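Subject: Structure handover

Hi,

My notes on it follow below.

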Amino acid sequence: MSTLERTRAELGLVVVYLNKAEARDKICRAIQYGSKFLSDGQPGTAQSVDKSTSLARKVFRLFKFVNDLHALISPVPKGTPLPLLLLGKSKNALLSTFLFLDQIVWLGRTGIYKDKERAELLGRISLFCWMGSSVCTSLVEVGELGRLSASIKKLEKEIGNKDKHQNEQYRAKLEKSKERSLALVKAGMDVVVAFGLLQLAPKKVTPRVTGAFGFASSLISCYQLLPSHAKSKTV
């Protein structure tokens with residue numbers, strides 16, 4: 001493949017990636033929290049970028065609550081333990097509620113919805129819902145990692161002295177374990193971000209800490225949205 005063809009192919013992947021609304025949202029999220037880190041809650045250009053990007057992201061998320069509402073009423077894979085099932089459904093319910101209420105917050109900030117006090121209250125409730133969904137996600141990932149670990153150990157015994165990395169099923173389970181570990185780290189970071197936005201521990205989780213965790217979480221999200229073959233090149 002010539003250099004021009006390789007460049008064209010790589011640019012094509014970038015175009016496909018940027019055409020995803022979710023990818024653009026996460027890039028904007030990285031800008032938002034990066035600006036929050038730089039501003040440290042102080043007035044200035046960085047804080048203005050933080051606020052304007054936050055408002056712009058709410059447009060990306062219009063009607064997105066339908067996705068988690070659909071997941072809430074969809075059947076789960078057979079064999080899923082009841083605690084993980086309940087946690088997963090709770091996550092969907094909380095995230096759907098957060099995204100729905102976030103639309104009212106957007107209406108309030110644009111001036112369409114006139115009751116500012118209620119809009120602020122709903123915004124705070126929505127952040128609690130997001131924090132709850134992040135906690136549920138963390139617990140689900142811990143449970144699924146435990147199940148994966150047990151199945152990997154069982155498979156290792158079945159493979160015996162053979163090269164386990166040549167086994168396709170083993171490689172798939174190992175890759176899934178890495179993905180869930182990354183999702184667990186991201187969910188944990190999002191819990192810290194929610195704490196910061198709600199100002200539940202203002203002395204410890206400062207705007208700079210919130211921005212740092214939010215920025216790192218956003219980069220993980222951007223990575224998770226990459227095509228699988230593009231991810232392999234980054235490792």
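I start with one side chain. That of S52 reaches the backbone oxygen of V49 at 3.2 Å. This is a polar contact, meaning a pair of N or O atoms within 3.5 Å; within protein, one must be able to donate a hydrogen and the other to accept it, and residues adjacent in sequence count only if both atoms are side-chain atoms. S52 lies in helix α3. At 45% relative accessibility, S52 is partly exposed. The cut-offs are under 20% relative accessible area for buried and over 50% for exposed, with partly exposed in between (1.4 Å probe, protein chains only).

Ground rules

This is a predicted model: local features need pLDDT of at least 70, side-chain atom pairs count only at pLDDT 80 or more, and totals for chains, interfaces and linings use all residues. Residues are numbered from 1 along each chain as its sequence is written, and side-chain values use heavy atoms, with hydrogens and water left out.

Overall picture

The protein chain has nine helices and zero strands. Its pattern along the sequence reads α-α-α-α-α-α-α-α-α. Helices (H or I, at least four residues) and strands (E, at least two) are DSSP runs, numbered from the N terminus. The C-alpha atoms fill a box of roughly 65 × 55 × 35 Å along the principal axes.

The chain has 235 residues, and 35% of them count as buried. It exposes about 14200 Å², and carbon and sulfur atoms supply 63% of that. Areas come from the Shrake-Rupley method with a 1.4 Å probe; for residues, only the protein chains shown count as cover.

Take the contacts between residues at least 6 apart in sequence. Of these, 71% join residues at least 24 apart. Contact means heavy atoms within 4.5 Å.

On charges, there are 37 positive and 20 negative ones, and their mean positions are 2 Å apart. Lys and Arg count as positive, Asp and Glu as negative; His and the chain ends are not counted. Each charge is placed at NZ of Lys, CZ of Arg, CG of Asp or CD of Glu.

The core

Which residues form the largest nonpolar core? There are 12: Y33, F65, F98, L99, L127, C129, W130, M131, V191, V193, A194 and L198. Helices α5 (82-110), α6 and α7 (168-198) are the elements that give two or more residues to this core. Such a core is a set of buried Ala, Val, Leu, Ile, Met, Phe, Trp, Tyr and Cys residues joined through side-chain atoms within 4.5 Å.

L99 is worth a click. Leaving aside neighbours within four places in sequence, L99 is in contact with R61, K64, F65 and D68.

Helix α6

Two residues here. S134 sits in helix α6. S134 counts as buried because its relative accessibility is 4%. Beyond neighbours within four places in sequence, S134 is in contact with A187, D190 and V191.

E144 is also in helix α6, which covers residues 116-159. E144 counts as buried because its relative accessibility is 14%. A polar contact of 3.2 Å joins the side chains of E144 and R147.

Check two phi angles. D40 has a positive phi of about 55° although it is not a glycine. D40 is in the loop between α2 (21-39) and α3. With a relative accessible area of 27%, D40 is partly exposed.

Q199 also has a positive phi of about 55° without being a glycine. Q199 is in the loop between α7 and α8 (207-224). At 60% relative accessibility, Q199 counts as exposed.

Pairs to compare

Y223 is in helix α8. Y223 is partly exposed, at a relative accessible area of 27%. Y223 and K26 are 197 residues apart in sequence and 9.7 Å apart in space, C-alpha to C-alpha.

A56 is in helix α3, residues 45-60. A56 counts as partly exposed, at 37% relative accessibility. The C-alpha atoms of A56 and L155 are separated by 47 Å, with the two residues 99 apart along the chain.

Best wishes
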